[in-house]
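I opened the model to look up a few local features. My entries follow the display.

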Amino acid sequence: MLSYSSYMLIAAAALLVTCNALPKYPGIPGLPSIPGLPGRDNLKGQTRLSGLRGASGSLVRPPVKQLTCPQGLPNSLNTELHKVLVNLKHRLSRLKGVLVLNGNIREVGEKILATNGKKVDFASALASCEEARGTLATPMNEEENKAILGIVKKYNRYAYLGIKEGEDSGQFKYLNGMHVNYTKWHQNEPNGKRTEKCVEMYTDGSWNDKRCNLPRLTICEF
Ligand code: MAN
Ligand code: CA
């Protein structure tokens, strides 16, 4: 199902790499900036098509020859790239629609949450998420906690979160080592004092520190 999208992505990447050396890339109207290319955001209010400011402060439109790829590819490359990306965006949004419709994914801010429905220990759950290029669901605020809770409730199963106790008792950290700055501990939790190094989400959305070797619902974030 993704092969078409993958193909489109590779095509877009190839086009980008081909033209990446352009000093003043004209940009793609209607699309956000592309890393590595001077974008709309970098030009503070100007569109990339409007060019850069000259010594007098007036806008200088880049000469047409600067819009040509160094390799001598046609000027229509930008239009082609635009078409490919718009098509890719459209297809991805349709695929996303299918996944949301089936209840397979939930979006919260920039995060996408998904479960495989499996109940496994912490290490196995994390490994599944990482294999899929994600990590364990890690609520950073109330909104994210609620989104994860939606999946926990749907499956009616507790889930491990991407949070673990550090060396110091009662000091819980994200998997990247940073201290947690949002918590939703159940009353009287955490109480494990180094014997419960993982964190599970209850079906009311509150958290409990818990041993790491129990079967819990795998929920990943991407
Ligand atoms: C069990 C475990 C603990 C939890 C208490 C709460 O002992 O799940 O992690 O703190 O119940 O009573
Ligand atoms: Ca506990």
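I worked from a predicted model, where local features need pLDDT of at least 70, side-chain atom pairs count only at pLDDT 80 or more, and totals for chains, interfaces and linings use all residues. Residues are numbered from 1 along each chain as its sequence is written, chains are lettered from A and ligands numbered from 1 in the order in which they are written, and side-chain values use heavy atoms, without hydrogens and water.

**Calcium ion (ligand 2).** I found the protein donors to be Glu189 (OE), Asn191 (OD1), Glu196 (OE), Asn208 (OD1), Asp209 (O) and Asp209 (OD), at 2.2 to 2.6 Å. Donors are N, O and S atoms within 2.8 Å of the metal (3.2 Å for Na, K and Ca); water is not among the atoms, so sites may look incomplete. The donor residues are spaced E-x1-N-x4-E-x11-N-D.

**Ser206.** I checked its burial: Ser206 is buried, at 8% relative accessible area (buried is under 20%, exposed over 50%, partly exposed in between; 1.4 Å probe, protein chains only). Its side chain makes polar contacts with the side chains of His186 at 2.8 Å and Asp204 at 2.7 Å. A polar contact is a pair of N or O atoms within 3.5 Å; within protein, one must be able to donate a hydrogen and the other to accept it, and residues adjacent in sequence count only if both atoms are side-chain atoms.

**Helix 3 (residues 122-131).** I listed Phe122, Ala125, Leu126 and Cys129 as its buried residues. They share one side of helix 3, because their arc around the axis is only 95° (taken from the directions from the helix axis to the C-beta atoms). Helices (H or I, at least four residues) are DSSP runs, numbered from the N terminus. The face turned away carries the exposed Ala123 and Glu131.

Definitions and conventions:
Helices (H or I, at least four residues) and strands (E, at least two) are DSSP runs, numbered from the N terminus.
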